[in-house]
Each structure stands twice: as structure tokens, then as C-alpha cells.
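The cut-offs behind each term are given where the term comes up.

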Amino acid sequence: MTVKRRNHGRNRHGRNHTRMVNCDGCGCKPPKDKAIKRFTVRNIVDKSSLRDLEEACIIASYELPKMYNKVQYCVSCAVHRKTVRPRSAEDRKIRHTGRPQLQDKDTRFVHRTGFLTFTPRVPHLSVPSMQTSNSDSVDRTGILTRSARSRSRHAMQGDPGGSQEPLFGTASRLAAQRLADSERARRIAAIGRALHLPARDEQIQAELRALNEPECFESEDAHHRRERLRYALALKAFTVESSDFGGSASDKDGAGQAGIESPPAHEKSKPITALPVEVESFASADTAIASELRAVRQRILSSSLRASHARLRREHREYTESSPETRLAQRATSTNCIEHAAGLRLHQSRHAHERPTSQTRLVRATHAAGGSEYMLISASYGGDLALWSPYTGQQIGQRVHVHTSRVTGLEHSSEHGLVASCSSDGSACVWTLDVDTGLQRRQDLSVHGTEATHGRPALLDIVLHPHVPLALVACAGANTWRAHNIERPDEATFLYEQSGHAHHVTALACHPDGSLIVSGGADGALLLWDLRSGKNIARFEGVHSEPITSVDFDPRGTHFASGARDNLVKIFDVRKLRWYHTLAAHPSVISCVRYQPAPGHEGGTLISSSFDRTCRVFASRRGWVQINSLDAHLDKVTSCDISEDGTMVVTGCYDKSWKVWTGADAQRGSWGPSMSLKPEKVR
């Protein structure tokens, strides 16, 4: 009698009787062989609660246990819960599954999806069909066999292999295809790494249009669009390379199995001679500044190595070569810095601008006669900058007006004695600092070339490299940050542009050694870049739910902090490339975060300002506890900065003023110009 199923729909496999199990759906008792079984693994809590638990957990690498559950359903409950699906009466007549007998994991995946994939980041590569000659046939089991004509030909030639035997099975064919596809993907990736692509998203979309590719997919950001262009150009170059070898790409994939000779070894390694036109234009577009860019990166490499070696030698001496008395003195110095920060009080306040104050920076200026003292630079929403003495509150020199809108970034380089500023009107300027005459305009940065002022995208932040005359500007419209060589003339300062953010770049910070830079975006993502190679080495997404407003490195370069509009300050470990601590610093928007520049032996302080009218001080060596709160502001605090020894903090307020906060010595009247190293002021 012909039966439809070998086991009559049962799963006993020769057993006479199977026990009954309980259905988890309706409670009936189906036989164990007929029950439909599933194994589920779930988290104990949902994702939102899991994040809260990770922040509150004292063990950094603790993983919550999971729930493992095995469920068993009868056929009715499994169909009702859509665990399995029923088939129609016509489909139930189809008994052949269409699968060969020899199946591995990749074979089942191919029959289910129809194509092979290797990595989710690379578009899938189509599997070339295996071309078989007329003398070959495939039997019912899916194994390639020789036909009678092929057997007779082999028998006439005296070949005992003429008998019917499998040449290679389905698993072997798929293994050969996987090997060929992996080699093809490796070659395409190698070609893509050698390409020079444009940085602006508009140019990327134009090149995609030229290649008849879609300009944008749904929920695709600029970074993935750039990688898609890279793959399209690399695939086009690979096709040209394959045609130079005398065969198509699909023929190359089937070489070795279909009888096609592979090119000689010396031809495989020869360079590509006929690249597509788009690739050649990218390769020749940056030739004018390629040598200068290599020279700048070489200077960054050498200066960062010198700085890191000096820092490591200094730390090594502190920990190994110093005496116990010296270490106790260093610890006392670090403790004194924290005590100074804990004892900060309002020293003086000054109405500085006609519009609200947007930026404030404490800089150490050196005199021609010797010695140095702190200076205060303030900028406003009206675009003007002014230089002040934080000791007396007097203005030094004349107020400068270059920008026409809010000053969004202000940075100082102590090594070069320069000050850089940028504005939301799209302009950026570099200044020289003089303690007698104030700020002197040095040059303008050609961030947007010859674009009109009213059409320029806003510049949201600017930083100066600590060792190389290089200015890095965050651009809002192009979602990029740009590097400018400030040794060049005004109209030719642009060096290169770096893209990678899906939204506006809102904050920048440079590593103390000058090797790294971190950029924050309006989507809450943070990207860590290597200035020596121009590569993105880390990407932190989802740590902030709102746009990032400020980032800053600690003096040793091992950590950096970020503040955002979600009222949180996040601390990141550069060595482990991970976020490890969260500060619920303020109940309102974080406007600025700053590390103490010279923390001493065991770390210093971190200050943060907010729209809640406060500026708060946190001690890093004491578990990031709050040690002080500066609360004398009448409106939201827009910026803050701290001196190297932690004895002075300056804040800018929306009420058009800036405030200086000092320790107990200043409150007793013993602090002032005598704290300066300028000899004539001491007298």
C-alpha cells in the first residue's frame, strides 16, 4: 500500500509507544512525537530596564541571566499561534521538498533564501550558476553523474572512470562557490580600500547618479551611502580587471570547477590599468594637496609620539623613581586641587556684552619681559569678542567685531599663542593674543570658499591642534568636520574634509597628545578619529538620546566626557573604547563640560554648566561625586572653563555677563595680581 509519509505522520522512529505530554496552549495531552516543540531564550527584563540596571550595577561586565524555556504545543495550538503554518489541499499534494539529501548549514540557507551572504555590511554577491555540458546530468538525489554517452566515450578510451560515479556533490559545489565568492569579495574590498572618495554628501549622490545607482535608500545615512558608492566603484573596477584577464567575473568564480584556466600567478598580482573614469577622477582630485596632507599627518605623528613618550616617562618617574615623601607631596597637591575646587566662591561678575554671553575661555598669556598670567576671553551672541583681566575685571584692548551672529566656538593654543573662533554665520577666524593690545586679527579660514555669507552653513565648534598649526571646524550643513592649515594664506587654508556623521557635527575635542579627535553629532552619536591616518576607530551610538553640546578630553588622554541636551554627562574610556560612567549632572540641558587641564598626580576635577543656572564641580578620583555647585547666576549658563591649578573657574551667562569663581584666599583679599607671574604687577 502506498503511503504518503514513511512514519505515518509520527515521530516514533521504530518505537511502539510514546508518552503523552502537556500542551502549553490548551492543556491537552498530545503524543510526544506529534507535539510541536520550540526552545525560547529571553532576557529577564526589557531593553530599557536593562540599560537602567547596567548604569546602577557596580560590576562593569556583569551580564544578567536569561530565561530558557522549552514549550510544547499540539497541532491546533501551534497553528493558532502561527508557530507552524497549514498548507492548502493542493499544496499538500506536493510531497517533494526540492532539497538534496546532502545538506549542510549553507545549503539549507541557499534553498531558503536563494543566495549566499558572507557579511551583513557587504552587499550580497550573486552565485553564478554551475554550467554543465550536455554530457552531464543530475539525478534525483541532486548528485552530478556522467551520462551514458560520457561513459561510452571513457570506455572507448580505456578509462575505468567511465562507470557511473559522482563527480562532486551539492555540498562540494557550494563549497567551491563559497570559496570563489569569498575570493571575489576579498578582491573587491581590496580595490575599494585603494579608492579616494569625495567627502561631501552632494558629490556622493552625484556620483551615484552617474553610475545609475539610487541616490538614497530609506533610513540610509551619509556614511553608508559613501560605502555603497565605494562598493559600486570597486565592483566596476573588478569587472574591468576580470575582462583584462579574458573572462567575466562569473567565469572567474567558476574557474577550476568548470574547466576554465585561472590566470598565471604573475598576472593575478599585476595592478589595475583600466580603472573607471569615476575612480580616476577621485584619485586625481586630491593630488594638489596630497603631498601637503601627508606632510601634515607626518608632523602630527611625530609630535604625538613625542608628547606621548614624554607623558609616559613622566608618569613612570612619578610611580617608580620618586621617593615616598615625593609621592605623599604629589598626593597632597592633588588633594589641595580638589579642596580648592570644593571651596570656590563668587569673586566678581562683569556685564560684558550687549547681547548674551555665548563663550568664555581662560588662557595663560606670556609677557615679553617674562612671566605669565591668566586672561579671560569672552564672546557673545552678537559676534563680538573681548579680552579681560580676571583679577581686576578690566577690559584689555578694544572689542573686536568680525562675526555677524552668535559665536559658537572659542579655542586657544598655548603653544602657538593663537585664538580661534567660529560663528553660526559660517565664518571662522584666527587671532593672535597680546596682553597689552588685546586680540589682533591674524587670518580668516576659507571654510566655505566663495559662498555668500547668507547661504553659508553654520559652524558649531572649532578646536586647535595642540602641536601642529591645524584648525578643525565642525560644519552643520555638510555633516562633516574640516581641517585647515593655518600656516597657509586666507583663501587657501582648506586641507581636507572628514564625513561620517548622519547629522550635524556639533562638538569637537582634540587629544592632549594630538593623535585623536572626538566629534559629537546632533543624533547623539560620538565618533573617535585618528588624525594620523584619517580613519574612524570607534563609533558610540545610542549613548545620548539628544544632540551633543560639548566634549572634552582629560589631561592624560585616557578618558573623555560628553554633555548633551538629555541632561546627562557621559564618561568614556579611550583605552577600552567604551562608555563606562554616567553623571545625572543637571535637571536641564548641559551646555559645556571641561576637565581641569593639569590634574596633578591622581586626577582632578570636571565641571559642567547647564541651563538650570548652575555650574557643578565633580571629583574624578572620588567616584565622580559632586563637590561644589556654583549657583549665583540669574539666567542659564552658556559656557564654563577652569584653570590649570583648579583655583579659578569662569562662567558665561545668558544675562550678558561673565563671572569669576575663586577659592578662600581670594575671599580674604590675598588673591589678585600677586597670583600672576608678571613682575611689574607684583610690585
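1. Burial and basis of the model. A residue is called buried when its relative accessible area is under 20%, exposed when it is over 50%, and partly exposed in between, with a 1.4 Å probe and protein chains only. This is a predicted model, in which local features need pLDDT of at least 70 and side-chain atom pairs count only at pLDDT 80 or more, while totals for chains, interfaces and linings use all residues. Residues are numbered from 1 along each chain as its sequence is written, and side-chain values use heavy atoms, with hydrogens and water left out.

2. Overall make-up. The chain comes to 14 helices and 32 strands, these being DSSP runs numbered from the N terminus (H or I of at least four residues for helices, E of at least two for strands). Of its 683 residues, 44% count as buried. With contact taken as heavy atoms within 4.5 Å, 53% of the contacts between residues at least 6 apart in sequence join residues at least 24 apart.

3. In the model, the span 630-661 is 0% helix and 56% strand, and its end C-alpha atoms lie 8 Å apart.

4. A nonpolar core is here a set of buried Ala, Val, Leu, Ile, Met, Phe, Trp, Tyr and Cys residues joined through side-chain atoms within 4.5 Å. The largest has 20 residues, and those with the most contacts inside it are Leu470, Leu472, Trp481, Tyr496, Leu508, Ile517 and Leu531. At least two residues of this core come from each of α11 (287-321), β15 (470-475), β16, β17, β18 (505-510) and β20 (526-530). Leucine 470, leaving aside neighbours within four places in sequence, is in contact with residues including Val296, Ile300, Ala483 and Leu495. A second, separate core of 17 residues includes Met375, Ala379, Leu385 and Leu410.

5. Aromatic pairs. Rings of Phe, Tyr and Trp (its six-membered ring) pair if their centres lie within 6.5 Å, and planes under 30 degrees apart count as stacked, over 60 as edge-to-face and the rest as tilted. The structure holds 9 such pairs. Tryptophan 481 and tyrosine 496 form an edge-to-face pair, at 6.0 Å centre to centre with 70 degrees between the planes. Because tryptophan 481 lies in strand β16 (residues 480-485) and tyrosine 496 in strand β17 (residues 494-499), the pair ties together parts that are 15 residues apart in sequence. Tryptophan 481 is buried at 1% relative accessibility, and tyrosine 496 is buried at 10%.

6. Phenylalanine 540 and phenylalanine 572 form a tilted pair, 5.0 Å centre to centre and with 55 degrees between the planes. Phenylalanine 540 belongs to strand β21 (residues 535-540) and phenylalanine 572 to strand β24 (residues 569-573), so this pair ties together parts that are 32 residues apart in sequence. Both residues are buried, and Phe540, Phe553, Phe560 and Phe572 form one aromatic cluster.

7. Lysine 636. A charge sits over a ring if NZ of Lys or CZ of Arg is within 6 Å of the ring centre and within 35 degrees of the ring normal. The charged end of lysine 636 sits over the ring of phenylalanine 611, 4.6 Å from its centre, and lysine 636 also lies over the face of tyrosine 654, at 4.5 Å from the ring centre.

8. Cysteines. A disulfide is counted for a pair of cysteine sulfur atoms within 2.5 Å, and by this rule there are 0 disulfides. Cysteine 28 is in none, the nearest cysteine sulfur being that of cysteine 26 at 3.3 Å. The sulfur of cysteine 74 is 3.5 Å from that of cysteine 77, the closest, which is too far for a bond. Cysteine 28 is partly exposed at 30% relative accessible area, whereas cysteine 74 is buried at 9%.

9. Which residues does serine 515 touch, not counting residues up to four places away in sequence? They are Ser304, Trp529, Asp530, Leu531 and Arg532; serine 515 itself lies in the loop between β18 and β19 (516-521) and is buried, with a relative accessible area of 9%. Asparagine 567, in the loop between β23 (559-564) and β24, has a positive phi near 70 degrees although it is a residue other than glycine, and counts as partly exposed at 23% relative accessibility. Leucine 577 is not a glycine but has a positive phi of about 55 degrees; leucine 577 lies in the loop between β24 and β25 (578-583) and is partly exposed at 37%.
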